[in-house]
Every structure is written in structure tokens, then in C-alpha cells.
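Have a look at the structure first, then read on.

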Amino acid sequence: METSKNFPSVETPDEGYQKTFKNCDELLPTLPESKGWWVDQLFQYQGFWILSFGIRGSILINDHFKPRPTDIIVATSPKCRTTWLRALVFSIINRHSFDFSDHPLHKANSRELVPFFEAFIQKGGSTSFVDGIPSPRLLSTHLPYSLFPTRMTDDTSACRFVYICRDPKDVFVSKWHFAKKLRPKELPPLSLEKTFDLFCKGVSDRFGITYWGTGKLVWSHRRRCCS
């Protein structure tokens with residue numbers, strides 16, 4: 001079972017983070033487990049199969065993140081053109097700051113320009129890294145919309161989510177090829193039939209997010225997200 005030693009290395013997490021880490025360590029052994037396509041442990045958390053790292057990130061966001069009215073969250077299911085969408089949103093928000101000759105996307109991957117939310121919230125043992133991003137903050141996530149706190153998702157929040165959908169067949173095929181590259185060589189290959197069955201059940205890669213349920217949930221909130 002993973003413990004807080006698997007968090008990013010920090011000298012002394014602040015008191016609030018220490019409490020959250022402890023709560024996560026106590027929670028994980030109580031959750032149903034399953035194997036992913038190339039990882040040994042996924043946990044069923046609030047209806048989704050997720051790696052422990054994603055659960056920790058979600059709980060840290062709920063416990064400690066303070067949203068700003070200008071925050072923009074690029075929310076995608078894995079293998080749904082995340083890199084492309086991050087680059088597009090970054091370019092639109094910064095359209096008056098750079099021209100083609102000095103644009104940051106010439107030198108940096110979009111994941112460097114739009115930090116990965118559930119990883120960045122864990123960095124350094126406090127919210128200092130996330131708090132230090134100048135507004136408007138652009139953050140990327142693979143977490144399901146329902147795992148975010150209501151202060152970010154209800155009608156009183158000015159925080160915006162940008163979500164992209166992709167043909168489920170294309171998502172599955174993309175994940176299938178990606179998984180074959182990452183699956184440890186000592187493990188037997190998963191058959192296409194078995195992998196497809198896991199995909200339909202939401203047991204897939206390290207985030208294990210149910211593609212159908214996530215898209216349906218975001219669609220039900222489309223008016224608030226796009227207003």
C-alpha cells in the first residue's frame with residue numbers, strides 16, 4: 001500500500017497538507033482496488049477508478065485550493081487531444097502578449113505552460129506553487145468534474161472549465177496503442193477484447209476515468225461552464 005512517502009519530496013509539508021496526507025493514507029486501504037492497463041493499483045473513488053496520485057490531488061484541491069474568478073481549467077479525459085487544447089487555450093489567453101516570432105509554444109510543450117493541476121497542487125507540500133501562478137491561471141486536469149469542490153463548480157463561481165470531447169472509438173484506439181508502449185514487458189499483453197471491456201467499465205489507464213460518465217456530467221453543466 002502506498003503511503004505519504006510517495007508524495008513529491010518536501011522537507012516539511014505545512015500542517016494542513018500533513019493532515020490531508022494522513023487522511024489519504026487512511027482512506028486508500030478502504031477503497032475497492034483493480035488493476036489498470038499498465039499499473040498495478042487503481043482505486044474506486046466516488047464512482048471512478050483512479051490512481052492514488054489522482055485521489056490525493058483531488059483531496060488536496062478540495063481541502064486547500066482557493067479559486068480566483070479568472071481561473072481557467074482545461075479539463076479532458078486522457079487521450080482526448082489534451083496537448084492540443086492546452087496549446088489553443090494558452091494562445092487565446094495570451095494572444096496580445098506574443099507574436100509568432102517569440103511565442104512560447106515554439107520552445108515549450110503546452111504541459112509546461114498549462115501546469116497539470118492534480119500534480120502541481122502536490123508540489124512543495126503547500127499551495128505556494130499554485131498560488132504563485134499569475135492570473136489568469138491556466139491549469140490542466142484529467143480529474144472528473146464532480147471531484148472538484150462546489151466553490152469551483154456551482155453557479156456562484158466565476159472559475160471556468162474548458163472541456164473537449166472525442167469520438168469514443170478514437171479514444172479507445174489511442175489509449176490502446178499508448179498502453180502497449182507503457183505496459184511492463186514482464187506482463188502478458190492484454191487482449192483487445194479484454195481491454196475494450198475494461199474501457200467500457202472505466203478501468204483503463206492511470207486515471208481510470210469513465211469516459212462516458214465524465215462527458216455526460218460535463219454536458220449537464222455546459223450552460224454554467226460556457227456562460
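## Ser58 and its surroundings

Setting aside neighbours within four places in sequence, Ser58 is in contact (heavy atoms within 4.5 Å) with Tyr45, Leu143 and Leu147. This is a predicted model, where local features need pLDDT of at least 70 and side-chain atom pairs count only at pLDDT 80 or more, while totals for chains, interfaces and linings use all residues. Residues are numbered from 1 along each chain as its sequence is written, and side-chain values use heavy atoms, with hydrogens and water left out.

Ser58 sits in helix α2; helices (H or I, at least four residues) and strands (E, at least two) are DSSP runs, numbered from the N terminus. Is Ser58 buried or exposed? Ser58 counts as buried because its relative accessibility is 2%; the cut-offs are under 20% relative accessible area for buried, over 50% for exposed, and partly exposed in between (1.4 Å probe, protein chains only).

## The overall picture

The protein has 11 helices and six strands. Of its 227 residues, 46% are buried. Among contacts with a separation of 6 or more, 73% are between residues 24 or more positions apart.

## Two cores

A nonpolar core here is a set of buried Ala, Val, Leu, Ile, Met, Phe, Trp, Tyr and Cys residues joined through side-chain atoms within 4.5 Å. The largest one has 30 residues, and Ile55, Ile61, Phe65, Phe117, Met152 and Phe161 touch the most other members. Elements that each supply at least two residues of this core include α1 (15-27), α2 (52-64), β4 (72-75) and β6 (160-163). Helix α2 gives the most, with four residues. There is also a second, separate core of 20 residues, which includes Trp37, Phe90, Ile164 and Ala179.

## Two helix pairs

Now for the packing of helices. Axes are lines fitted to C-alpha atoms, for helices over the stretch in contact, and angles run from 0 to 180 degrees between N-to-C directions.

| Helix pair | Angle | Axis distance |
|---|---|---|
| α1 and α2 | about 140 degrees | 10 Å |
| α8 (168-182) and α9 (192-201) | about 125 degrees | 11 Å |

With that angle, α1 is oblique to α2, and α8 is oblique to α9. Under 35 degrees counts as roughly parallel, over 145 as roughly antiparallel, 65 to 115 as roughly perpendicular and the rest as oblique. The crossing of α1 and α2 is right-handed, and so is that of α8 and α9; right-handed means that the near helix is turned clockwise from the far one by less than a right angle, left-handed anticlockwise.

On the α1 side, Gly16, Tyr17, Thr20, Phe21, Cys24, Asp25 and Leu27 meet Ile55, Arg56, Ile59, Leu60, Asp63 and His64 in α2. By class, that contact has seven nonpolar, three polar and three charged residues. (Ala, Val, Leu, Ile, Met, Phe, Trp, Tyr, Cys and Pro count as nonpolar, Asp, Glu, Lys and Arg as charged, and the others, Gly among them, as polar.) In the other pair, Pro168, Val171, Phe172, Lys175 and Trp176 in α8 meet Leu192, Thr195, Phe196 and Phe199 in α9. That contact comes to seven nonpolar, one polar and one charged residues.
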